[in-house]
Amino acid sequence: MTHIKTLTTILFCALLSLPAWASANPKGKDKEKSDGYRFEFTLKGSTEADSLVYMANYYGHKQYYFDTLRRKNDGLFVCEKDSVPGGIYLIVMPDRSSYFEVIVTGDEKEIVMNTNRNSLIEQMDVKVSDENKLFYEFQRTLAKMTFSARPMQERIKALKEQEGQEDSVKYYEEKLNQLNDEVIAYKTEFIETNANSFAAKIFKSSQEPEIPENPEVPEGVEVNDWKYYYFKNHFWDNIDLGDDRMIRTPVLGKKLEYYITKLTPQIPDSITAASDELIDKARPSRENFKYIVHWITNHYERSKIMGMDAVFSYMAVNYYGRGECWWTDSATTEKIVTRGKTLEPLLIGKKASNIILPDTAGKWHNLHEIEADYTVMVFWSSTCGHCKKEIPRIEKFYQEYKDKNVAVFGIGTELEIENFKKFIRNNKIHFLNVSDTPEINENAHDYMLKGLTDLNSLNFRTVYDIFSTPQVYVLDKDKKIIAKKLGADQLGDFIDNYSKNQTQNTAP
């Protein structure tokens, strides 16, 4: 999986992190062109140490370099571009710890802002840009309200540590609730009054859906369940997923991660259903569509949680495989799709592909004919350092669980099997082990004609995607995959818990 992750992640980030000159005007082009963008930022109190500042932009969860602005006379910094995608940008000081934000709408091609180097937000004076005037007006007002709340919060905390102050605590809590209501009212009025502005759209997008206090819940439905589904179903009501600019704010990336990983049950079918619904909403925006599809695909490709590869496989086949991911080249797309299709038959719930091979004594064995409630299938190599530690532990597990109708089916991945046989003898491995010998590989056609084996069995390394060892699969009595990538020390607990859950689910 690593090679695909490297391709998808590095390619995507490289596209975002192009240096400013990659999108700047070609050498000699007139920068005073009327349809270009000009942003001026004056930092009063700046010194020679502040000879340059950095301009960055949000993109999903992160911030990316956009340009370097050099200091001119009187602390003036200028950015001139032919094109600046809409969103929220950051003007970052040389210390890289202090910054102020700038709204870029795509419509306002001139922005002029003055502030003080030592008090960037408090002394911000927006000279040209209606959007940024709104942006800073909103933030200043909320900052004042927050400042007013702190003394009350501290007073409440102190009173709660004293006996007999219940009435005083109640008084200050009511005052705090009243202030909170004023904050909500201010936010609502600001958003409604400035509904056509990008600033209001950004602030609205950060609001969560309000759950009705006394909902009419259908009979048989738990109130908390109803509230959860209401919240989830209305989670995206306040954000315009059709607006490309939203991906360049700090809102969309955070909401996406919370919605997919926290609000959605971490079950592959639930995740893919939620993803489909969300992606459909984002289709009007190429940028939001790209980010959401890429983030979900990449997140579950890297997931260490068992079974989450089903999400990656689904995204690879259903989005990259249908030619919707225009941001990857054909070679990368093909690799992602191939990876997704390779994983499909190996997902939890799928029936394990049969393997028919001989053991070290030459006796043939059929995986699907093994009679056991559970079969632990392990692909291993005697030259693999990790296998040398794990295989004896799996042997110990086998001795403890073989009387519970648990079988272990080992498959050697080496082409030469002498070391394989030697390891089994020296370590007293008693569970069943099979392999494809050099002689079988040389005469594969003959063995298949005799009906002793089949093509999938001889191609098990490809069929089971064996790129490293050991690889462990746990199968039920019908040879369906119920777990994989477990360590030897996890096998016993998994089978015990799975058996217990099965018994409880089938109890009358």
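A salt bridge is a side-chain nitrogen of Lys or Arg within 4 Å of a carboxyl oxygen of Asp or Glu. The legends below apply this term to a predicted model, in which local features need pLDDT of at least 70 and side-chain atom pairs count only at pLDDT 80 or more, while totals for chains, interfaces and linings use all residues. Residues are numbered from 1 along each chain as its sequence is written, and side-chain values use heavy atoms, with hydrogens and water left out.

View 1. The side chains of Asp243 and Arg245 form a salt bridge, with an N to O distance of 2.9 Å. Asp243 is buried at a relative accessible area of 9%, and Arg245 is likewise classed as buried, at 17%. Here buried means under 20% relative accessible area, exposed means over 50%, and partly exposed lies in between (1.4 Å probe, protein chains only). The structure holds 16 salt bridges.

**View 2. The salt bridge between Arg339 and Asp465.** The closest N and O atoms of Arg339 and Asp465 are 2.4 Å apart. Arg339 belongs to helix α10 and Asp465 to the loop between α16 and β14, so the pair ties together parts that are 126 residues apart in sequence. Both Arg339 and Asp465 are buried. Through shared partners, salt bridges also join Lys201, Asp240, Asp243 and Arg245 into one network. Helices (H or I, at least four residues) and strands (E, at least two) are DSSP runs, numbered from the N terminus.

**View 3. The salt bridge between Arg283 and Asp280.** Arg283 pairs with Asp280, and their closest N and O atoms are 2.9 Å apart. Arg283 is partly exposed at 37% relative accessibility, and Asp280 is partly exposed at 45%. Side chains of opposite charge can pair when their charged atoms come close.

**View 4. A patch of negative charge on the surface.** Glu416, Glu418, Glu439, Glu442 and Asp446 gather in this patch. Patches are made of residues with over 30% relative accessible area and no salt bridge, like charges being joined within 9 Å and nonpolar side chains (Val, Leu, Ile, Met, Phe, Trp, Tyr) within 5 Å. Asp and Glu count as negative and Lys and Arg as positive, whereas His and the chain ends are not counted. Glu439 is partly exposed, with a relative accessible area of 38%.

**View 5. Polar contacts of Thr328.** Thr328 is located in the loop between α9 (309-320) and α10 (330-343). Its side chain makes a polar contact with the side chain of Thr333 at 2.5 Å. The side chain of Thr328 also reaches the backbone oxygen of Cys325, at 3.2 Å. A polar contact is a pair of N or O atoms within 3.5 Å; within protein, one must be able to donate a hydrogen and the other to accept it, and residues adjacent in sequence count only if both atoms are side-chain atoms. Thr328 is buried, with a relative accessible area of 12%.

**View 6. Ser46 and Asn57.** Ser46 occupies the loop between β1 (37-44) and β2, and Asn57 is part of strand β2 (residues 52-59). A polar atom of the Ser46 side chain lies 2.9 Å from the backbone oxygen of Leu43. Ser46 is buried at a relative accessible area of 11%, and Asn57 is buried at 7%. Asn57 and Leu90 are 33 residues apart in sequence, yet their C-alpha atoms are 5.9 Å apart in space.

View 7. Most residues other than glycine have a negative phi, and most peptide bonds are trans. Ser129, in the loop between β8 (125-128) and α2 (130-160), has a positive phi near 145°. Ser129 counts as buried, at 5% relative accessibility. Lys428 lies in the loop between α12 (418-426) and β13 (432-435) and has a positive phi of about 50°, although it is not a glycine. Lys428 counts as exposed, at 58% relative accessibility. A cis peptide bond, with omega about 0°, joins Thr469 and Pro470. Pro470 is found in the loop between α16 (460-463) and β14 (471-475).

Notes:
Areas by Shrake-Rupley, 256 points an atom, 1.4 Å probe, with all protein chains shown as cover. Charge placed at Lys NZ, Arg CZ, Asp CG, Glu CD.
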